[in-house]
Amino acid sequence: MSVFRWDASRFLKSYDRNVDKGVPCYVIIVLNQPITRRNGVLELLWKQSLLKMCADGGANRIYDTFVGSDKLSEYTPDYICGDNDSLRDDVREYYLSKGTIIINNPDQESTDLMKCIEVIRRRENDNPKYDVIALGAIGGRFDHSMSNIHYLHKLKDERRIYLLSDVNMTFLLDKGIHHIQCDSEIEGPTCGILPIGISEAIISTTGLRWNLSSARTAFGQMISTSNIIDSHEITIETDQPLIWTVELKV
Ligand SMILES: Nc1ncnc2c1ncn2[C@@H]1O[C@H](COP(=O)(O)OP(=O)(O)OP(=O)(O)O)[C@@H](O)[C@H]1O
Ligand SMILES: Cc1ncc(C[n+]2csc(CCO)c2C)c(N)n1
């Protein structure tokens with residue numbers, strides 16, 4: 001049985017490179033959704049990420065957030081990728097002048113998020129796989145949200161992908177045992193365990209208000225939503241990949 005450990009405070013809290021060991025290696029991808037900058041999470045993730053990317057119209061969102069402030073040039077993405085049909089001309093010109101690499105990929109079989117991940121793959125060479133934090137990945141258009149969850153399944157053997165929205169963090173738990181550190185300053189209290197993309201799973205949990213013991217979860221039978229985190233460590237054992245989602249406080 002595979003064992004997995006999760007600790008989002010590694011990227012949702014600031015760290016000190018001189019003190020903290022095993023600093024996180026992640027890339028952020030800004031998707032085309034409203035940016036609300038709740039509690040400075042964008043600023044934190046941007047500052048600490050190895051690579052900053054915008055998926056197509058995500059670049060408009062970053063530009064519009066900072067234009068008119070002295071922070072605009074600080075928030076220059078390394079890459080803008082996608083079919084770039086939503087990228088505005090003024091935004092394209094501005095970031096080109098700042099050295100952003102703009103990659104136009106007209107493929108109509110994959111989304112702009114996937115096009116960003118293809119660029120990350122090329123950048124990594126032999127380096128370890130970077131985690132990906134996608135901002136604005138859930139909410140708004142339902143087909144986009146489902147496509148982003150689909151990529152969690154598709155890339156589950158390749159890398160960790162965290163889908164963030166204003167209110168949630170969502171990621172995939174592959175079959176095995178998961179130890180999820182829950183920092184009450186940044187996440188909770190509500191959470192859900194969702195059998196999306198599978199027909200059913202047998203799951204056991206600890207650390208939740210409503211725990212399950214070898215319970216079957218399936219749409220149309222039972223899914224765990226509006227559950228509550230009752231411990232700083234949750235364990236979830238599952239025989240199939242599941243989607244874990246937790247409310248964000250940051
Ligand atoms: N409402 C939304 N909800 C969730 N994700 C979104 C939403 N809108 C856009 N995205 C994400 O941002 C990326 C860029 O979106 P954009 O609107 O620039 O292009 P698009 O033409 O709608 O997307 P694509 O070309 O990928 O189909 C999308 O690939 C998607 O991952
Ligand atoms: C069965 C099927 N459904 C939809 C699309 C269209 N499509 C999928 S991803 C994407 C984004 C391009 O930026 C587009 C247009 C397709 N190709 N195949």
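Which residues in α3 meet which residues in α4? Ala 59, Asn 60, Ile 62 and Tyr 63 in α3 meet Asp 90, Val 91, Tyr 94 and Tyr 95 in α4, where contact means heavy atoms within 4.5 Å. By class, this contact has 6 nonpolar, 1 polar and 1 charged residues. Ala, Val, Leu, Ile, Met, Phe, Trp, Tyr, Cys and Pro count as nonpolar, Asp, Glu, Lys and Arg as charged, and the others, Gly among them, as polar.

Before going on, this is a predicted model, with local features needing pLDDT of at least 70 and side-chain atom pairs pLDDT 80 or more, while totals for chains, interfaces and linings use all residues. Residues are numbered from 1 along each chain as written, chains are lettered from A and ligands numbered from 1 in the order written, and side-chain values use heavy atoms, without hydrogens and water.

Now the ligand. Around ligand 2 are Asp 83, Asp 107, Gln 108, Glu 109, Ser 110 and Lys 115, each with a heavy atom within 4 Å of it. That shell has no nonpolar, 2 polar and 4 charged residues.

Next, the individual atom pairs. The side chain of Asp 83 has an N or O atom 2.9 Å from an oxygen atom of ligand 2. For Gln 108, a polar backbone atom is 2.6 Å from a nitrogen atom of the ligand. In Glu 109, an N or O atom of the side chain is 3.1 Å from a nitrogen atom of ligand 2.

Notes
Helix = DSSP H or I, 4+ residues; strand = E, 2+ residues; numbered from the N terminus. Polar contact = N/O pair within 3.5 Å; in protein donor to acceptor, adjacent residues only side chain to side chain.
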